[in-house]
Amino acid sequence: MTFPLSRRAAPLLLTSVLALSAAAGRVAAQDAPATQPAAPATAGAASTPAPAAAVPASTTQPGANLRGLWIDAFGPGLKTRAQVAQTVADAERMGVNTLFVQAIRRADCLCLKASVPTVTDADLEKNFDPLRVITTLAHARGMRVIAWASVTGVGNTAAPNTDPAHVLRRHGAEAGMNSWLARRPDGSWQEGRDTWLDAGIPAAAEYMTQAVLSIVRNYPVDGVQLDRIRYPDGDVWGYDPKTLARYRAETGRAGTPAPSDAVWAAWKRQQVTNLVRRITLESKALRPDLWVSAATITYQTAPRAGDLTGFRRTRTYGDVLQDWPEWMRAGLIDLNVLMNYKRDGQPDQAQWFDGWNAFALSVRDRPDGARAAVAAGTAMYLNDPAVTAAQARRSVQTGMGWVGYSYRTPTAGVYGQRESTAQGLKAVQAVLSAPGMPLERPLRWTDEAPTVRGLLGRVTGAVTPGHRTVQAVQGGQVVAETLTDALGYYGFAALPAGKTEVRVSGQRWTDTIPGRGVVRLPDLLIRDAAPVPVLPPRR
């Protein structure tokens, strides 16, 4: 989801190198080596772990019954009708109840009805809509479908989309002031072979938002998952001239900030949060019952449970600029799927795995009394089946859900080309369905998304509509505060229903948040006082 390209999926053949490079863009830079890993240190473990305490069949924790698989689009699985039928049948046999299906891959879609073009892939069956067909088949078997979308990650130089309508044809590296790419201080834009859009460029943020919304409008999916909803690794991004100009205008700071500038980092982090907020509230305005999920970063050592100060010292917060505890608290995501890609046999990684799970569980409470759902996403492709089963069991016993990456590379053996996908699926299914294990018995995941209402508005009339403080007042008390985005949008997602006053830039508007649905306020026209010109000195 979020990592250098050589790390994502199992290489198939020498002729499949481009597809492999593309696939790896999602996964394990945080803990795995940059090159294809050797068999995990735990490879010699027993194939069936000893039964532990039985996993509860149900619990009151939201998301606790989630048992999912990521279905990626970088190899077989979604390209033809026959592949999709096989994928759904395999998932049903395995016993999972939710499919996280790669829809928007790199500003292109494994579908036919999105605002982004269809993927250009010679293996994709002509006139075939994988997202529609897999949703239909999965629903018929009682499984939910979450459409997984790469948000800011939009290209790979090894396997570019060749459609003239692709965003990089119009707003790529050579587009001058029309470029939307995230850039370093020296103007460079590639992270390995990957290409990213800058969430701080207003037109790019709008493009990303509309791409996800086109899936929500056109497909009966149960939810969307925001992947690559961040800046690239390295903590040196955001230096496109348009982004810098916005930063200066909104903060009043001059010059070019250093990568270590805390105000600059906080501003960029806010751009990512603004993007999450806009996508979520626009999606909920269309479908209040939709699950909005994010695939989130868990690099290296975890903060202690409840330690938000410790979280702000992590690379998640300071490098890639994700503030996912705030997204959970503010109701901006319903489901946090940690990309907790660790190998138990490697030094400290089992501790990192459990630590991130514990931290996420400790910060899921919201001020409205609801709780965000949390699931551990595990790297099946880095581990043997026994380790995958152990990690899944430890996760669900704490009240979390579980999602495995991935259907196509379910074991380290498949990743290392030592066994076929079918063999890997059979092996991992055997241990996950053993007594006391998460897939021992069928479970349905029927929870309702915790965010089902909200408020969305926009300020207009100002030269600089972004970075303005917006307050929500209920019962005479300020109950929430946020900032407008570059286009003036603001919103709230975890407020109680009822009469709510919005205050921004000296303007006020009162409306009622419904019990279900998103109320859209009329645009608030704000007028900034013109600066008084400096009089020339008297002579």
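**Exercise 1.** Within how many Å do the axes of helix H5 (residues 202–218) and helix H7 (residues 262–286) come, and at roughly what angle do they cross?

*Solution.* The model is predicted: local features need pLDDT of at least 70, side-chain atom pairs count only at pLDDT 80 or more, and totals for chains, interfaces and linings use all residues. Residues are numbered from 1 along each chain as its sequence is written, and side-chain values use heavy atoms, with hydrogens and water left out.

Step 1. Helices (H or I, at least four residues) and strands (E, at least two) are DSSP runs, numbered from the N terminus. Axes are lines fitted to C-alpha atoms, for helices over the stretch in contact, and angles run from 0 to 180 degrees between N-to-C directions.

Step 2. The axes of H5 and H7 come within 10 Å, and the crossing is at roughly 30 degrees.

Step 3. H5 and H7 are therefore roughly parallel to each other (angles under 35 degrees count as roughly parallel, over 145 as roughly antiparallel, 65 to 115 as roughly perpendicular and the rest as oblique).

**Exercise 2.** Identify residues through which H5 and H7 meet.

*Solution.* Step 1. Contact means heavy atoms within 4.5 Å.

Step 1. On the H5 side, the residues include Ala205, Met208, Val212 and Arg217. Among those they meet in H7 are Leu275, Arg278, Ile279 and Glu282.

Step 2. By class, the contact of H5 with H7 has eight nonpolar, three polar and four charged residues.

**Exercise 3.** Is strand E8 (residues 291–297) largely enclosed or largely open?

*Solution.* Step 1. Buried means under 20% relative accessible area, exposed over 50%, and partly exposed in between (1.4 Å probe, protein chains only).

Step 1. On one side of E8, Trp291, Ser293, Ala295 and Ile297 are buried; on the other, Val292, Ala294 and Thr296 are buried.

Step 2. Seven of the seven residues of E8 are buried, so this strand is largely enclosed by the rest of the structure.

**Exercise 4.** Which bridges join E8 to strand E7 (residues 223–227) and to strand E9 (residues 335–339)?

*Solution.* Step 1. Two strands pair if DSSP finds at least two bridges between them.

Step 1. E7 and E8 run parallel and are joined by four bridges; Gly223 has Trp291 as its bridge partner in E8.

Step 2. E8 pairs with E9 in the parallel sense over five bridges, and Ala294 has Asn336 as its partner in E9.

Note on methods
Nonpolar A, V, L, I, M, F, W, Y, C, P; charged D, E, K, R; others polar.
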